[in-house]
Amino acid sequence: MEITEKMLSGMVKELTGGYKIKYHANGLEKEPIEIDFTPPFRRIDMIGELEKIANLNIPKDLAGDEANKYLAEACAKFDIKCPPPQTTARLLDKLVGHFLEETVSILLL
């Protein structure tokens with residue numbers, strides 16, 4: 001994480017002269033959002049934060065069938081589409097995309 005943080009924040013500073021950039025996510029006619037690449041980046045525990053926000057209790061053994069079944073049921077409960085193959089990684093990615101990505105600005109890039 002530290003290597004990525006140094007590389008990304010250093011690149012933004014080198015290219016723009018600072019750590020903050022304006023991003024026109026909704027088109028040039030709308031107000032831009034500001035993204036701050038000032039280190040250190042906020043770090044979250046992905047599974048823990050997902051459990052907290054979505055009120056889930058994800059099995060700790062993500063390699064097992066129990067976790068896959070649980071995540072598939074969670075996606076269905078929240079009407080989150082995950083086309084086949086419904087691997088544990090894909091199901092988890094869909095849940096993270098639905099619940100966490102908007103709260104972590106760096107993931108929007």
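Does Phe 41 count as buried or exposed? This is a predicted model, and in it Phe 41 counts as buried, at 10% relative accessibility. Phe 37 is buried too, with a relative accessible area of 2%; the cut-off for buried is under 20%.

**Aromatic pairs**

The count of aromatic pairs comes to two. One of them joins Phe 37 and Phe 41 in an edge-to-face arrangement. The other joins Phe 78 and Phe 99, whose planes stand at 80°, so this pair is edge-to-face; the cut-off for that label is over 60 degrees. The table sets out the values.

| Pair | Centre to centre | Angle between planes |
|---|---|---|
| Phe 37 and Phe 41 | 6.5 Å | 65° |
| Phe 78 and Phe 99 | 4.9 Å | 80° |

The pair of Phe 78 and Phe 99 links distant parts of the chain, 21 residues apart. Phe 78 sits in the loop between α3 (65-77) and α4 (88-99), while Phe 99 belongs to helix α4.

**Two helices side by side**

Two packed helices are described by the angle between their axes and the distance between the axes. For α3 and α4, the axes come within 9 Å and cross at roughly 35°. The crossing of α3 past α4 is left-handed. On the α3 side, the residues in contact are Asn 68, Leu 71, Ala 72, Ala 74 and Cys 75. They meet Thr 88, Leu 91, Leu 92, Lys 94 and Leu 95 of α4. Sorted by kind, the residues of this contact are seven nonpolar, two polar and one charged.

**The nonpolar cores**

Which residues have the most contacts inside the largest nonpolar core? They are Leu 50, Leu 56, Ile 58, Leu 71, Leu 95 and Phe 99, in a core of 15 residues. At least two residues of this core come from each of α2 (46-54), α3 and α4, and α4 gives the largest share, with five residues.

Leaving aside residues up to four places away in sequence, Ile 58 touches Ile 47, Leu 50, Glu 51, Tyr 70, Leu 71 and Leu 92.

Notes
Residues are numbered from 1 along each chain as its sequence is written. This is a predicted model: local features need pLDDT of at least 70, side-chain atom pairs count only at pLDDT 80 or more; totals for chains, interfaces and linings use all residues. Side-chain values use heavy atoms; hydrogens and water are left out. Rings of Phe, Tyr and Trp (its six-membered ring) pair if their centres lie within 6.5 Å; planes under 30 degrees apart count as stacked, over 60 as edge-to-face and the rest as tilted. Buried means under 20% relative accessible area, exposed over 50%, partly exposed in between (1.4 Å probe, protein chains only). Helices (H or I, at least four residues) and strands (E, at least two) are DSSP runs, numbered from the N terminus. Axes are lines fitted to C-alpha atoms, for helices over the stretch in contact, and angles run from 0 to 180 degrees between N-to-C directions. A crossing is left-handed if the near helix is turned anticlockwise from the far one by less than a right angle, and right-handed if clockwise. Contact means heavy atoms within 4.5 Å. Ala, Val, Leu, Ile, Met, Phe, Trp, Tyr, Cys and Pro count as nonpolar, Asp, Glu, Lys and Arg as charged, and the others, Gly among them, as polar. A nonpolar core is a set of buried Ala, Val, Leu, Ile, Met, Phe, Trp, Tyr and Cys residues joined through side-chain atoms within 4.5 Å.
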